[in-house]
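Good morning, and thank you for making time for this presentation.

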Amino acid sequence: MVMVINKWKRRLKAKQKIIDPDQELIGRFLKGDEGAFNRLVLSYQNRVHGLSYRMMGNLEEAEEVAQEVFITVYKSLPDFRGDSRFSTWLYRVTINHCKNRIKYLGRRKYYQSDSFDGPVETEEGEMTKQIADDNLDPMDRLDQKETQALVQEKLNELDEEQKSVILLRDIEGMSYQEIAEILGLREGTVKSRIHRARLDLKEKLKKEFSQ
Amino acid sequence: MNKACEKFQDRFSDFIDRELNPEDWRGLEQHLEQCPECRQELRMLRLTTEAVRKLPVLPAPADFLIKLRQKMAREPGPVQAGVFRQATRWMIARPSLIAAGFVLVFSGAFLLGRFNPAAGIAMQHSEMDPVQAWVQPIAADNWRLEEAVPTKVSARVSTVYKVAAAPSPAGGSNLSMPAASSAGYARPELAESLSAKDEGEKSQEAQSHPQVFLQTPTQFVINLLRSDPAFQGAKIYPVSRGALAQTPEFLFRITISDQNFINALKWLADKKPLPGAIEESRKAFNLEIEKMPNPLKPTK
């Protein structure tokens with residue numbers, strides 16, 4: 001008897017919707033509270049902007065995409081069913097917008113332009129792309145700040161699928177499961193894609209340093 | 001690289017991400033101790049991963065929300081709010097309700113038309129002055145005008161004549177007949193309140209021009225701020241000739257000079273709608289906007 005009750009309890013638990021910390025704000029927005037939408041934007045703008053910057057590799061494009069993401073969210077929130085967390089959905093929207101934008105810009109043409117020769121903004125302000133010339137093991141230079149621009153450049157050379165898994169894993173620090181949910185892939189696929197992406201990136205960097 | 005190495009190297013990412021089960025972990029560690037090639041390979045993969053992890057996350061610009069709201073205001077086609085969309089969907093799902101609404105409105109209009117003789121006549125003889133139609137020539141002592149017609153008549157405010165009828169030769173009933181206004185329909189409720197005519201007229205006027213009357217520069221700026229969705233939830237403090245608006249990131253001081261305020265009143269008198277975004281308002285009314293970092297923003 002107890003076992004049957006426990007079984008039902010478990011089933012009920014499984015059926016319950018995912019507890020989402022943003023649920024309250026979303027509810028308020030759907031009732032017409034524009035301020036609630038502002039709060040959602042404020043709490044996610046940095047993550048969305050940061051991710052789109054790494055995906056796009058360009059500040060202007062990143063801001064443009066991030067705004068598009070929130071406009072999409074504003075328009076489609078009434079259709080958001082709550083099957084996943086809001087943040088998962090938001091990352092999915094962001095990744096999709098970035099992929100579309102990269103396709104639209106014509107990947108090769110855009111990245112072959114001189115957008116990476118100019119100064120690159122970092123937390124510490126602007127810096128120029130330069131590679132230290134010393135006698136360290138080439139790969140050890142990856143530790144140095146100046147190589148950030150180079151890493152970004154090589155990231156841009158990966159295809160969008162590889163880039164998105166590697167960013168979600170290594171910049172956003174998400175689990176394989178979360179990434180699978182965002183990208184609509186199986187966990188095994190995410191695993192192998194992350195590995196593949198890291199190998200490709202490593203090869204590109206190695207080639208750059210051994211020149 | 002031999003086959004065994006390949007098998008181990010496939011697991012390097014799992015190893016870096018700590019996603020290996022303890023058994024595989026031990027196996028891999030044992031192999032690494034013996035194989036310098038694999039050690040070097042793992043080291044490079046780890047450095048690559050670290051390099052990506054060390055990339056700084058660039059936060060959104062501080063005015064991101066304001067720019068976003070401005071963009072949404074410019075967006076071609078309405079960026080529909082959730083509520084409006086839901087309401088439309090709700091209505092579409094219930095056509096019978098809309099039908100019922102139509103029936104109600106039309107039957108209401110029909111009934112009003114029937115029981116409001118002034119309206120009927122005004123409609124039938126539209127070229128006739130509706131007042132003339134109801135105020136009969138004063139026959140000696142039988143009629144007396146209780147209220148004088150106000151000399152100054154606002155275009156918007158209905159002028160109501162109250163005609164008190166002494167027993168008339170024809171009907172013989174003691175009627176208080178409210179009669180028509182310039183718009184051509186009767187407003188009986190106004191006739192009742194005519195004793196307080198002056199106040200009535202004033203408040204009517206204020207209602208029909210809510211934006212023009214009773215507005216100061218401060219109130220005007222606050223209205224502009226309220227009409228900008230980006231400032232929803234912002235704290236607004238009135239100051240002389242303007243207001244302070246505090247958002248999570250910034251403090252805005254928005255003021256308007258007297259001359260520009262007079263120009264703004266002309267704009268309002270033309271009944272143009274307020275521009276939604278404060279940036280548009282700034283252009284339209286020459287607002288002076290000072291943007292400062294929010295002094296109350298918590299520091300990390």
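Let me begin with a definition: a nonpolar core is a set of buried Ala, Val, Leu, Ile, Met, Phe, Trp, Tyr and Cys residues joined through C-beta atoms within 7 Å. A residue is buried if 20 or more other C-beta atoms lie within 10 Å of its own, exposed if 12 or fewer, and partly exposed in between, with the C-beta atoms placed from the backbone. What we have here is a predicted model, in which local features need pLDDT of at least 70 and side-chain atom pairs count only at pLDDT 80 or more, while totals for chains, interfaces and linings use all residues. Residues are numbered from 1 along each chain as its sequence is written, and chains are lettered from A and ligands numbered from 1 in the order in which they are written.

Which residues have the most contacts inside the largest nonpolar core? They are B:Val221 and B:Leu225, and the core itself has 71 residues. Helix H3 of chain A gives the most to this core, with 10 residues. Helices (H or I, at least four residues) and strands (E, at least two) are DSSP runs, numbered from the N terminus. As general background, nonpolar side chains tend to be buried together in soluble globular proteins.

Two residues are in contact if their C-beta atoms, placed from the backbone, lie within 7 Å. Leaving aside neighbours within four places in sequence, B:Leu225 is in contact with B:Phe231, B:Ile236, B:Ala243, B:Ala245, B:Ile254 and B:Ile278.

I turn to chain B as a whole. Chain B holds 14 helices and seven strands, and 19% of its 300 residues count as buried. Among the contacts in chain B with a separation of 6 or more, 54% are between residues 24 or more positions apart.

Next comes a sheet in chain B. Four strands form an open sheet in the order S4-S5-S6-S7, with antiparallel pairing; two strands pair if DSSP finds at least two bridges between them. Strand S4 (235-239) and S7 are the edge strands, each pairing on one side only. From one strand to the next, the twist averages 20 degrees.

How many bridges join S4(B) to strand S5 (residues 242-246) of chain B? There are five, in the antiparallel sense. One of the bridge partners is B:Gln246 in S5(B), facing B:Lys235, and B:Val239 has B:Gly242 as its partner. S4(B) and S5(B) form a hairpin with two residues between them, and B:Arg241 in the turn has a positive phi of about 55 degrees. S5(B) and S6(B) also pair in the antiparallel sense, over five bridges, and a hairpin joins them through three residues. Here the bridge partner of B:Ala243 is B:Ile254, in S6(B).

Helix H12 (residues 217-226) of chain B lies across S4, S5 and strand S6 (250-255), running at about 35 degrees to S5(B). Axes are lines fitted to C-alpha atoms, for helices over the stretch in contact, and angles run from 0 to 180 degrees between N-to-C directions.

Two loop residues of chain B also have a positive phi. B:Arg18, in the loop between helix H2 (12-16) and helix H3 (22-34) of chain B, has a phi near 55 degrees. B:Arg18 counts as exposed because it has 7 C-beta neighbours inside 10 Å. B:Asn286 has a positive phi of about 55 degrees although it is not a glycine, and its place is in the loop between helix H14 (278-285) and strand S7 (288-293) of chain B. With 14 other C-beta atoms within 10 Å, B:Asn286 is partly exposed.

Finally, the two chains together. On the A side, 45 residues are in contact with 38 residues of chain B. H3(A) supplies the largest share of the side of chain A that touches chain B, 11 residues. By class, that side has 20 nonpolar, 13 polar and 12 charged residues. Ala, Val, Leu, Ile, Met, Phe, Trp, Tyr, Cys and Pro count as nonpolar, Asp, Glu, Lys and Arg as charged, and the others, Gly among them, as polar.
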